[in-house]
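Hi,

Here is the structure I said I would pass on. Have a look, and my notes follow below.

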Amino acid sequence: MSNSPLLLGPTIAATRPLAAQVGGHAGIETTEDNSLLIKPALPREIEFYQRIAAAGDHDELSKLRNWTPKFLGVLKLEGQLKDSNAVGDGNMEIVPVHGNIVSEDKDIASRFFLSGPAQRLVLENAAYGFVKPCILDVKLGTVLYDEDAPPEKQARMIKVAHNTTSGETGVRFTGFQVYGNDSSEPILTPKSYGRSIKKEQLPDVIEMFFPVSSAPYPIPPNFTETSDSDVSKPQSGLPAILLHCILTTLQADLEELKATIANIEMRMVGGSILIVYEGDWERAWKMLSMPSGTATIEEEEDDDDEVEVEIDENGQLVLESIPDEAIEEEEEHQALLCSLSLIDFAHTRLIDGAGPDEGVLKGIQTMIDLLRQRKDKIAAMLPTCDA
């Protein structure tokens with residue numbers, strides 16, 4: 001890694017606070033196009049990202065590159081900039097991950113404007129490319145204090161773990177946002193809710209974050225969902241077919257992440273899983289793959305817009321076709337159906353001989369079980385085919 005930073009000019013375009021932040025500490029900024037995050041970071045977190053970036057292919061740590069946000073480098077501010085049009089008494093520098101930064105990264109870096117002396121991580125935004133990003137931040141681990149924390153803080157965090165779901169399950173929901181297909185604004189649930197619930201309520205949170213809609217696709221004109229009392233309510237959630245695919249993908253990702261972390265000797269305090277999925281119906285349909293299969297389920301009416309599905313012997317859903325209206329010819333940049341990332345390493349240590357973090361592994365297994373339960377419940381809503 002080069003020690004020579006890229007010095008930037010004193011006139012830097014403005015960034016803005018991250019609008020879709022559902023957990024973590026305040027102060028995270030994003031570029032105007034939302035593609036990158038600029039996060040204030042402690043030296044230990046910076047070092048952890050640097051070690052992941054530098055890890056060789058035979059190092060188990062290198063496998064975390066599949067699960068952490070893309071790391072572009074470290075942003076530093078020297079001097080003071082009073083506003084985005086200031087000229088003269090300050091310089092911004094970004095220390096690249098590897099030897100130098102290509103021209104497109106220079107263009108990105110030249111748009112940053114930040115105040116204060118702290119170093120910042122420059123990371124890819126996991127929610128970039130989603131039209132309506134539904135986002136869940138899940139704090140992992142049963143131990144919530146760093147080994148060098150003052151005794152009073154250790155005692156306080158032991159009590160927090162005992163009084164929340166962290167101590168027993170290894171997870172605590174720190175906040176989430178979910179979009180309804182009828183609204184351009186998400187419904188936010190604050191981290192105070194996650195602190196207040198008990199273990200038995202965790203499935204309820206997963207149901208809240210993965211709501212299922214009874215509306216068909218495409219949506220007929222003037223369609224409204226109704227409750228048992230036939231009172232109209234705003235449309236919420238994705239169709240069961242889409243949610244089943246999302247949950248299947250995320251469950252597999254969690255199982256792979258667990259296998260990766262089981263081979264890394266570290267202690268991760270305050271780390272999180274960040275789950276993002278597409279809440280926009282048309283974009284979500286478009287992102288689905290269309291594998292070929294044999295047996296299919298079709299609607300009785302011969303309709304060009306019907307969705308054909310197959311439930312295999314393991315209860316997994318296989319899509320046969322999706323409505324033509326949901327597929328656009330042009331390709332969208334970084335468009336995904338869902339993603340899973342491991343984030344927040346301010347209190348993460350690599351410790352030779354310590355073995356894996358069992359509390360974190362416990363939390364990941366809890367999430368695997370919760371998503372499997374939700375997937376099985378949604379699978380029961382899907383049509384089945386005769387053998």
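In this predicted model, helix α7 (residues 240–261) and helix α9 (residues 358–379) have axes that come within 9 Å and cross at roughly 160°. That makes the two roughly antiparallel, a label for angles over 145 degrees. Axes here are lines fitted to C-alpha atoms, for helices over the stretch in contact, with angles running from 0 to 180 degrees between N-to-C directions. Helices are DSSP runs (H or I, at least four residues) and strands are too (E, at least two), numbered from the N terminus.

The crossing of α7 past α9 is left-handed, i.e. the near helix is turned anticlockwise from the far one by less than a right angle. Among the α7 residues that meet α9 are Leu-243, Leu-247, Leu-250 and Leu-254, and the α9 side includes Ile-364, Ile-368 and Leu-371; contact means heavy atoms within 4.5 Å.

Now the sheet. Five strands make an open, antiparallel one in the order β10-β9-β8-β16-β19, where pairing takes at least two DSSP bridges between two strands. At the edges sit β10 (187–189) and β19 (338–343), each pairing on one side only. From one strand to the next, the twist averages 15°. Inside it, β8 (residues 133–140) runs antiparallel to β9 (residues 171–178), joined by six bridges, and Ile-135 stands opposite Gln-177 in β9.

Housekeeping: residues are numbered from 1 along each chain as its sequence is written, and side-chain values use heavy atoms, leaving out hydrogens and water. Local features need pLDDT of at least 70 and side-chain atom pairs count only at pLDDT 80 or more, while totals for chains, interfaces and linings use all residues.

Cheers

Notes
Parallel < 35°, antiparallel > 145°, perpendicular 65-115°, else oblique.
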